[in-house]
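The structure is shown first.

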Amino acid sequence: MMKNHIDVSTVLRRAVSESYSNLVTRPTGVAVRVYIEAQIQAASDCVVTVIDFSSVGMMDFSCADEIVAKLVMQHENGNPSFVFSGLSESHIEAIDVVLERHGMSLVSQESDSNSYIAVTH
Amino acid sequence: MTNVITVPPSLDDATFEQILEPLSRLQPDDKVLIDARHARWASPYGLTALLALAQTRLERPSLAVPELEETALYWARAGFFKYASDLYDVVGTVPRGRQNDPGVLLEVTPVNASEDVHTVVDKVQQRAQQILVTELKLDKTATMRFTMALSETCQNIVEHAESGGWVAVNSYRWQKRLGGRRVLVIAVCDAGVGFRKSLESATGRPRSDRWDDGMALEAAVMRGVSRFRDTGRGQGLAGVRRFIGKWDGKFSVRSGTARLAIVPTWDEDVPLQKDLPAFPGSQVQITIPERVDR
């Protein structure tokens, strides 16, 4: 199974600013999602895309909505499927709130020091 | 004629109403002197709201500096005069506040654009951990939630105010309330369009005859209603409200003529106040108290 691994922290620095380490503000979230979408398109033969948040500091509701919720909604046909990895407790909390708003829910699975989550409708 | 408005000795969100009451009777182009000579203390809300006040005046207002050196020095260290001198004709001696005050987690900072929110979050993150965990005895995850709350309240200015605003974060010990516990206070004030006008800008949203500032605050803060059609919008302040509850904190938002507060058991504020003196924009305050094991 072909996997596409996207490091969100690297995307943040490339798409928005070299000096940023936190996912805050809606414009930042939009810029990161657009960049991720381009990477997904470039690896269109990959069935699964792993979005890695392990080097991201904090993520606010606006970025959780723009990045996680909108990505899932735009690919609700499951092509590709997403695995969001390296999430902290506060990341999951923000994602939980925004998914609920869109009538979605998440299932989470702990794995060593990182939390891995998959999103489901 | 100059209209003199006296700043109360202790300036916070409650006593700021004593400034707004006489101010609301004046025309926007009336000359005003904000007399802070006898002020002894000001919360982050007091300082940021004073800056927002100046932005509402068509005629440049004057500000008389606190006479008590300790007070003036604290205001200087909190970064107040740095911006007050752009907005007010400052009367009196402004001390140089070179040294940082240990209680000032974030000095008065302008918020005009999304980049400013990044700057604010980056600045407070490190020191927030120390204050929240060591002084307020909250668990380590509180730091992330705290910066999220700060980010969302600042974004409220960028997304809805249609003007710039101000943020400040201080930690201090309450002398009389809560048995002398420490508190961390975030204040975010702007003199922009406010919640009611922001929501009214959404086309096709039906409004009842009772539509007013209070209803607009309830819609935005309690139900996450936004002027945007995107269902993902409007989660910021509603999300902040959840966090505050977990910390037994207090969250209040004033806009126009109304003020809504999420009131914890330790406070005696009222949940919704209407018919207050009109003041443009929105003024948000978050109070997080030191945790005590019961």
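In this predicted model, strand S5 (residues 62-64) of chain B and strand S6 of chain B pair in the parallel sense, over 3 bridges. Within the pairing, Ser62(B) stands opposite Asp89(B) in S6(B).

This pair belongs to an open sheet of 4 strands in chain B, in the order S1-S3-S5-S6, with parallel pairing. Strand S1 (2-6) and strand S6 (89-91) of chain B each have a single partner strand and stand at the edges, so one side of each is left without a neighbour in the sheet. From one strand to the next, the twist averages 20°.

**Domains of chain B**

The domain assignment divides chain B into domain 1 (1-93) and domain 2 (103-294). Taken over C-alpha atoms, the centres of domain 1 and domain 2 of chain B are separated by 22 Å. Where the two domains touch, 21 residues of domain 1 of chain B are in contact with 25 residues of domain 2 of chain B. On the domain 1 side, helix H1 (17-23), helix H2 (44-56) and helix H4 (80-87) of chain B each give two or more residues. H2(B) gives the most to this side, with 9 residues. By residue class, the side of domain 1 of chain B that touches domain 2 divides into 11 nonpolar, 6 polar and 4 charged.

The axes of H2(B) and H4(B) are 10 Å apart, and the packing angle is about 15°. The two helices, H2(B) and H4(B), are therefore roughly parallel to each other, and their crossing is left-handed. H2(B) makes the contact through Leu47(B), Leu51(B), Ala54(B) and Gln55(B), while H4(B) uses Phe80(B), Tyr83(B), Ala84(B) and Leu87(B). The residues of this contact of H2(B) with H4(B) comprise 7 nonpolar, 1 polar and no charged.

**Contact between chains A and B**

The contact between the chains takes 21 residues from chain A and 19 residues from chain B. Which helices of chain B each supply at least two residues of the side that touches chain A? They are helix H5 (114-135), H6 and helix H9 (236-246) of chain B. H6(B) gives the most to that side, with 8 residues. The residues on the chain B side divide into 4 nonpolar, 12 polar and 3 charged.

H6(B) also packs against a helix of the other chain. Helix H4 (residues 89-101) of chain A and helix H6 (residues 141-161) of chain B have axes that come within 9 Å and cross at roughly 45°. That angle makes H4(A) oblique to H6(B). The crossing of H4(A) and H6(B) is right-handed. On the chain A helix, Glu89(A), Ser90(A) and Ala94(A) meet Thr141(B), Met144(B), Arg145(B) and Met148(B) in H6(B). The residues of this contact of H4(A) with H6(B) divide into 3 nonpolar, 2 polar and 2 charged.

**Helix pairs side by side**

| Helix pair | Axis separation | Axis angle | Handedness |
|---|---|---|---|
| H2(B) and H4(B) | 10 Å | about 15° | left-handed |
| H4(A) and H6(B) | within 9 Å | roughly 45° | right-handed |

How values were computed:
Residues numbered from 1 in each chain as written. Chains lettered and ligands numbered in written order. Predicted model: local features only at pLDDT ≥ 70, side-chain atom pairs only at ≥ 80, totals over all residues. Axes fitted to C-alpha atoms, helices over the stretch in contact; angles between N-to-C directions. Parallel < 35°, antiparallel > 145°, perpendicular 65-115°, else oblique. Left-handed = near helix turned anticlockwise from the far one by under 90°. Contact = placed C-beta atoms within 7 Å. Nonpolar A, V, L, I, M, F, W, Y, C, P; charged D, E, K, R; others polar. Pairing = 2+ DSSP bridges. Domains from an automatic or database assignment.
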